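Me: I would like to learn how to read a structure I have never seen before. Could you walk me through this one?

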Amino acid sequence: MDDTNDTSFVVDEVSNITKEAIEATMGTQSYQQAKINTWTSNIVEAILNSLTKLNKPFKYIVSCVIMQKNGAGLHTASSCFWDNTTDGSCTVRWENKTMYAIVSVFGLSI
């Protein structure tokens, strides 16, 4: 058994957690401006709760952007100065017929 998964940032694992949180929150919903603040908070909190339950030695940063599909462009970038052997990041882009969600998760080893 490989013990490095117990202390490493596993992108596939974090990506699955992120996708599950988005689907559980917005799955078949249509874009509704009045619900965006609730949805973004719920997604971020669900991801943080799931990551915390993994009991890995990380501090996490989670950001979520939800955008209506209306033809507008969105460009985003991030840069990190960290230890590539222990720290990591994962970005998930999700969409349905009416909106996009872009969620970024950063794990910083303690």
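Me: Let me start with a single residue. Where in the chain is Ser-8 found?

Reply: Ser-8 sits in the loop between helix 1 (4–7) and helix 2. Before going on, please keep in mind that this is a predicted model.

Me: Is Ser-8 buried or exposed?

Reply: The idea is to look at the relative accessible area, where under 20% is called buried and over 50% exposed. Ser-8 has a relative accessible area of 19%, so Ser-8 is buried.

Me: Which residues is Ser-8 in contact with, leaving aside its neighbours within four places in sequence?

Reply: With those neighbours set aside, Ser-8 is in contact with Lys-56 and Phe-58.

Me: Now the whole chain, please. How many helices and strands are there?

Reply: The chain has three helices and three strands. As for dimensions, the C-alpha atoms fill a box of roughly 45 × 25 × 20 Å along the principal axes.

Me: What share of the residues in the chain is buried?

Reply: Of the 110 residues in the chain, 35% are buried. The accessible surface comes to about 7200 Å², and carbon and sulfur atoms hold 48% of that surface.

Me: How do the strands pair?

Reply: For each pair, check the sense and count the bridges. Strand 1 and strand 3 pair in the antiparallel sense over eleven bridges. Strand 2 and strand 3 are also antiparallel, over eight bridges. To find these pairings on screen, look for Met-67 opposite Tyr-100 in strand 3, and for Thr-91 opposite Ser-104 in strand 3.

Me: What joins strand 2 to strand 3?

Reply: A hairpin does, passing through three residues.

Me: And how should I think about the side chains of a strand?

Reply: In a regular strand the side chains alternate between the two faces of the sheet. In this chain, strand 3 is mostly covered, with eight of its eleven residues buried.

Me: Which residues have the most contacts inside the largest nonpolar core?

Reply: That core has 24 residues, and the ones with the most contacts inside it are Ile-22, Met-26, Ile-43, Ile-47, Ile-66, Val-103 and Val-105. At least two residues of this core come from each of helix 2, helix 3 (36–53), strand 1 (58–68), strand 2 (88–95) and strand 3 (99–109). Helix 3 gives the most, with six residues.

Me: Let me zoom in on Ile-22. Which residues does Ile-22 touch, not counting those up to four places away in sequence?

Reply: Ile-22 touches Gly-27, Ile-43, Val-92, Trp-94, Ala-101 and Val-103.

Me: What about Thr-18, is it buried or exposed?

Reply: Thr-18 belongs to helix 2 (residues 11–26). Thr-18 has a relative accessible area of 1%, so Thr-18 is buried. Not counting residues up to four places away in sequence, Thr-18 touches Ile-47, Val-92, Val-103 and Val-105.

Me: Could we try a strand residue next? What does Val-62 show?

Reply: Val-62 lies in strand 1, and at 15% relative accessibility Val-62 counts as buried. Leaving aside neighbours within four places in sequence, Val-62 is in contact with Val-44, Ile-47, Leu-48, Val-103, Ser-104 and Val-105.

Me: How do I judge whether such contacts reach across the sequence?

Reply: Look at how far apart the partners are along the chain. Among contacts in the chain with a separation of 6 or more, residues 24 or more positions apart account for 72%.

Me: Let me end with the loops. Where does Asn-55 lie?

Reply: Asn-55 lies in the loop between helix 3 and strand 1. At 66% relative accessibility, Asn-55 counts as exposed.

Me: What should I look for in its backbone?

Reply: Most residues other than glycine have a negative phi. Asn-55 has a phi near 55 degrees, a positive value in a residue other than glycine.

Me: And is His-75 buried or exposed?

Reply: His-75 counts as exposed, at 77% relative accessibility. You will find His-75 in the loop between strand 1 and strand 2. The C-alpha atoms of His-75 and Ala-21 are separated by 23 Å, and these residues are 54 residues apart along the chain.

Note on methods. Residues numbered from 1 in each chain as written. Predicted model: local features only at pLDDT ≥ 70, side-chain atom pairs only at ≥ 80, totals over all residues. Heavy atoms only, no water. Helix = DSSP H or I, 4+ residues; strand = E, 2+ residues; numbered from the N terminus. Buried < 20%, exposed > 50% of the residue type's maximum accessible area, 1.4 Å probe, protein only. Contact = heavy atoms within 4.5 Å. Areas by Shrake-Rupley, 256 points an atom, 1.4 Å probe, with all protein chains shown as cover. Core = buried A, V, L, I, M, F, W, Y, C linked by side-chain atoms within 4.5 Å. Pairing = 2+ DSSP bridges.
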